[in-house]
Amino acid sequence: MDSIRLSWIWLEWFSDPIRVIFTLLFLISLPWLFRSRHWLRRVRTYAIALLIVYLILISPPFVALATAGIVSPLSPDPGTRVDAIVILGRGREHSPSRADVAAQLWREQRAPIIFASGINDAPELAQLLRTKGIPATNISGEGCSKTTWENAVFTKTVLQSQAVKQILLVTDAPHLWRSLLIFEQVGFQVIPAISPLADQMTSPQRAMLLLREYLFVVLYPTTLQQERQTLEQPLAEVMKQVTSQKCRIGSETKTAT
């Protein structure tokens, strides 16, 4: 099992407070159930500590503080015009807010094209943009990429013919710092554009998502080495992959000016 999928399983498990708290309470109760096992007292101590930490981590004040911390390294938007607006997929529940942000930036004439990236998400994002009045000729994308690293490589591959270098990168606050680092790694000049997380996300879900992204930022130097093969793929080979899988969206788009 790869680390990306494992991290999502971990996030889903810890995003359920009932499951986590019940498990920890069970561990805390073990010394009363098995009184002869002295080592269980140490387990109880650790479980109590973990329960306190978990309750702090999923609290709204911590989530607000962690969100402010993860966006603090990002430069403010200077308001300049760029070559393209790039939206990263993150699941269907997040697509409407991302499409809203990208459409508003396009109406403000920040870029001539909007590019959607991400398997399953890109077609839906393109459809949402069309319903918001964005002309189809101004929408492009690829629906092949499964990771943020592939988002960057596939986006570069498809947009290279349009000489796109400067982009507005649209994704949620927890994801943005890591995404910016990766897109800069492949050669883009990036201006961050934050889109809200889905309203239905609970405080525990937001907390675990933030912790996951903080972990990935810390591990960025290591994952950079692990993803060298992805980054160093010849662009012609990547384009063949996009073409063969028929995941290109909007092949006829306006050239960046």
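Q: First off, what kind of model is it?
A: It's a predicted model.

Q: Okay. How many helices and strands does the chain have?
A: The secondary structure comes to twelve helices and six strands.

Q: And what are the spans along the principal axes?
A: The C-alpha trace covers about 75 × 35 × 30 Å along them.

Q: What share of the residues counts as buried?
A: Of the 257 residues in the chain, 46% are in the buried class.

Q: Let's do helix packing. At what angle do helix 8 and helix 9 pack?
A: Helix 8 (residues 173-185) packs on helix 9 (residues 203-218) at about 15°, and their axes are 9 Å apart. With that angle, helix 8 is roughly parallel to helix 9.

Q: Is the crossing of helix 8 and helix 9 left-handed or right-handed?
A: Left-handed: that's how helix 8 passes helix 9.

Q: What about helix 5 and helix 6, what's the angle there?
A: Helix 5 (residues 95-107) and helix 6 (residues 121-131) pack at about 50°, with 9 Å between their axes. So helix 5 counts as oblique to helix 6. Their crossing is right-handed.

Q: Switching to charges. How many salt bridges does the structure hold?
A: Ten salt bridges. Some of them are joined up: Arg-90, Arg-98, Asp-172, Arg-178, Arg-212 and Glu-213 are linked in a network.

Q: Let's take Asp-172, then. How far apart are N and O in its salt bridge with Arg-90?
A: The N to O distance between the side chains of Asp-172 and Arg-90 is 3.1 Å. Asp-172 sits in strand 4 (residues 166-172) and Arg-90 in the loop between strand 1 (84-88) and helix 5, so this pair ties together parts that are 82 residues apart in sequence.

Q: Are Asp-172 and Arg-90 buried or exposed?
A: Both Asp-172 and Arg-90 are buried. For Asp-172 the relative accessible area is 0%.

Q: And what's the N to O distance between Asp-172 and Arg-98?
A: Asp-172 also meets Arg-98 in a salt bridge, at 2.4 Å from N to O. That pair links distant parts of the chain too, with Asp-172 in strand 4 and Arg-98 in helix 5, 74 residues apart.

Q: Why does Arg-98 count as buried?
A: Because its relative accessible area is 1%, and the buried class takes in anything under 20%.

Q: Now Glu-213. Which residue does Glu-213 form a salt bridge with?
A: Glu-213 pairs with Arg-212, and their closest N and O atoms are 3.2 Å apart. Glu-213 is buried at 0% relative accessible area, and Arg-212 is buried as well, at 3% relative accessibility.

Q: Where is Leu-33?
A: Leu-33 is in helix 2, which covers residues 17-33.

Q: And why is Leu-33 called exposed?
A: Because its relative accessible area is 53%, and the exposed class starts over 50%.

Q: Is Ala-236 buried or exposed?
A: Ala-236 counts as exposed, at 53% relative accessibility. It belongs to helix 12 (residues 235-244).

Q: How far is the C-alpha of Ala-236 from that of Val-158?
A: Those two C-alpha atoms are separated by 9.9 Å, with Ala-236 and Val-158 lying 78 residues apart along the chain.

Q: Last topic, backbone. What's phi at Gln-109?
A: Gln-109 has a positive phi of about 60°, although it is not a glycine. You'll find Gln-109 in the loop between helix 5 and strand 2 (114-117). Gln-109 is exposed, with 59% relative accessibility.

Q: And what is phi at Lys-246?
A: Near 55°, which is again a positive value in a residue other than glycine. Lys-246 is placed in the loop between helix 12 and strand 6 (248-249).

Q: Is Lys-246 buried or exposed?
A: Lys-246 is exposed, at 77% relative accessibility.

Key. Residues numbered from 1 in each chain as written. Predicted model: local features only at pLDDT ≥ 70, side-chain atom pairs only at ≥ 80, totals over all residues. Heavy atoms only, no water. Helix = DSSP H or I, 4+ residues; strand = E, 2+ residues; numbered from the N terminus. Buried < 20%, exposed > 50% of the residue type's maximum accessible area, 1.4 Å probe, protein only. Axes fitted to C-alpha atoms, helices over the stretch in contact; angles between N-to-C directions. Parallel < 35°, antiparallel > 145°, perpendicular 65-115°, else oblique. Left-handed = near helix turned anticlockwise from the far one by under 90°. Salt bridge = Lys/Arg side-chain N within 4 Å of Asp/Glu carboxyl O.
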